[in-house]
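Welcome, and let's take a walk through this structure together. Have the sequence beside you as you read, and turn the view whenever a new residue is named.

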Amino acid sequence: RSWRVCGLQPCPSNHLSWRDKLCRQQKNSLDAKTSLSLAWESSHNSDSSCHLECKPVGQSLPVYRLNDSLVDGAICGRGKLDICLLGQCEEIGCDLEVGSMVKLDKCGVCGGDGSSCRLSRFGWRKEALSECSASCGGGRVVVHFVCKNSQGNQIVDEGFCDKKKKPKSLSMDCNGFPCPASWGLSDWSACDRSCLGKRNRDVDCTVISY
């Protein structure tokens, strides 16, 4: 029997992992061990990467290992493309086959020999983490880098890109074009007489940054 991974699109940032779901399901038995009512989350240890270990949320200890192995497909071990299969952490090749040992070459080509760098398929690309702080006149935006397929510009698992070359998140300029000008009106002045008087206000051409 051969195995192949699927569903490579990243989960939403608020997605609860299989490990955390299982720890929450074991709340009653875990609370009994501590004699407290706690919220539980998974504890990931590379030495027991395909066994479920749980700890109180936000704490490093205590850690309890449950007897059950993780379900097939749980991420484990040395890289993001490694998965649990029949209780063991198995390495996934870049061809998505379990145990194939096929690697990306320096050009990002799966199983390549490094001679086709102009055909590189994966790379780190900027993605905005926030909206620009100004709609015109110059602002700042926070960006991070995600692994993308250069052919379809789709986000893929970070295991397809060289993690050593991943740039750090940064803040950069945005919306540097001038803001449009508009007429601005001041408040009316007080009337200069108690009857048949007049009052004034200023009209100015202004540029406002947003």
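A disulfide here is a pair of cysteine sulfur atoms within 2.5 Å, and in the link from Cys23 to Cys54 the S to S distance is 2.1 Å. Cys23 belongs to helix H1 (residues 18-25) and Cys54 to strand S2 (residues 51-56), so the pair ties together parts that are 31 residues apart in sequence. Helices (H or I, at least four residues) and strands (E, at least two) are DSSP runs, numbered from the N terminus.

Before we go on, a word about what you are looking at: this is a predicted model, in which local features need pLDDT of at least 70 and side-chain atom pairs count only at pLDDT 80 or more, while totals for chains, interfaces and linings use all residues. Residues are numbered from 1 along each chain as its sequence is written, and side-chain values use heavy atoms, with hydrogens and water left out.

Buried means under 20% relative accessible area, exposed means over 50%, and partly exposed lies in between (1.4 Å probe, protein chains only).

How many disulfides does a search of the whole structure find? The search finds five. Another of them joins Cys132 and Cys174, with sulfur atoms 1.9 Å apart. The torsion about the S-S bond of Cys132 and Cys174 is about 90°, so this disulfide is right-handed. Cys132 sits in the loop between strand S6 (122-128) and strand S7 (139-149), and Cys174 sits in strand S9, so the pair ties together parts that are 42 residues apart in sequence. Cys132 is partly exposed at 23% relative accessibility, whereas Cys174 is buried at 14%.

Next come Cys147 and Cys161, whose sulfur atoms are 2.0 Å apart in a disulfide. With 85° about the S-S bond, the link of Cys147 and Cys161 is right-handed. Cys147 is part of strand S7, and Cys161 is in the loop between strand S8 (154-155) and S9, so the pair ties together parts that are 14 residues apart in sequence. Cys147 is buried, with a relative accessible area of 1%, and Cys161 is buried too, at 8%.

Cys195, by contrast, is in no disulfide; the nearest cysteine sulfur, that of Cys191, is 8.7 Å away. Cys195 is exposed at 53% relative accessibility.

Now look inside. Which residues make up the largest nonpolar core? The eight are Leu96, Phe122, Trp124, Phe145, Cys147, Val156, Phe160 and Cys161. A nonpolar core is a set of buried Ala, Val, Leu, Ile, Met, Phe, Trp, Tyr and Cys residues joined through side-chain atoms within 4.5 Å. Strands S6 and S7 each supply at least two residues of this core. Apart from this core lies another, of six residues, among them Cys23, Leu30, Trp40 and Leu66.

Leaving aside neighbours within four places in sequence, Phe122 is in contact (heavy atoms within 4.5 Å) with residues including Leu104, Gly108, Cys147, Val156, Phe160 and Cys161.

The buried residues of helix H2 (residues 27-34) are Leu30, Asp31 and Thr34. Seen down the axis of H2, these buried residues fall within an arc of 100°, so they line one face of the helix; the arc is that of the directions from the helix axis to the C-beta atoms. An α-helix has 3.6 residues a turn, so residues three or four places apart point the same way. On the other side of H2, Asn28 and Ala32 are exposed.

Let's finish with the backbone. Ser35, which follows H2, has a positive phi, near 60°. Asn175 is not a glycine, yet its phi is positive, about 45°. Asn175 is placed in the loop between strand S9 (170-174) and strand S10 (181-185) and is partly exposed at 29% relative accessibility. Leu196, also a residue other than glycine, has a positive phi near 50°. Leu196 lies in the loop between S10 and strand S11 (203-207), and at 82% relative accessibility Leu196 is exposed.
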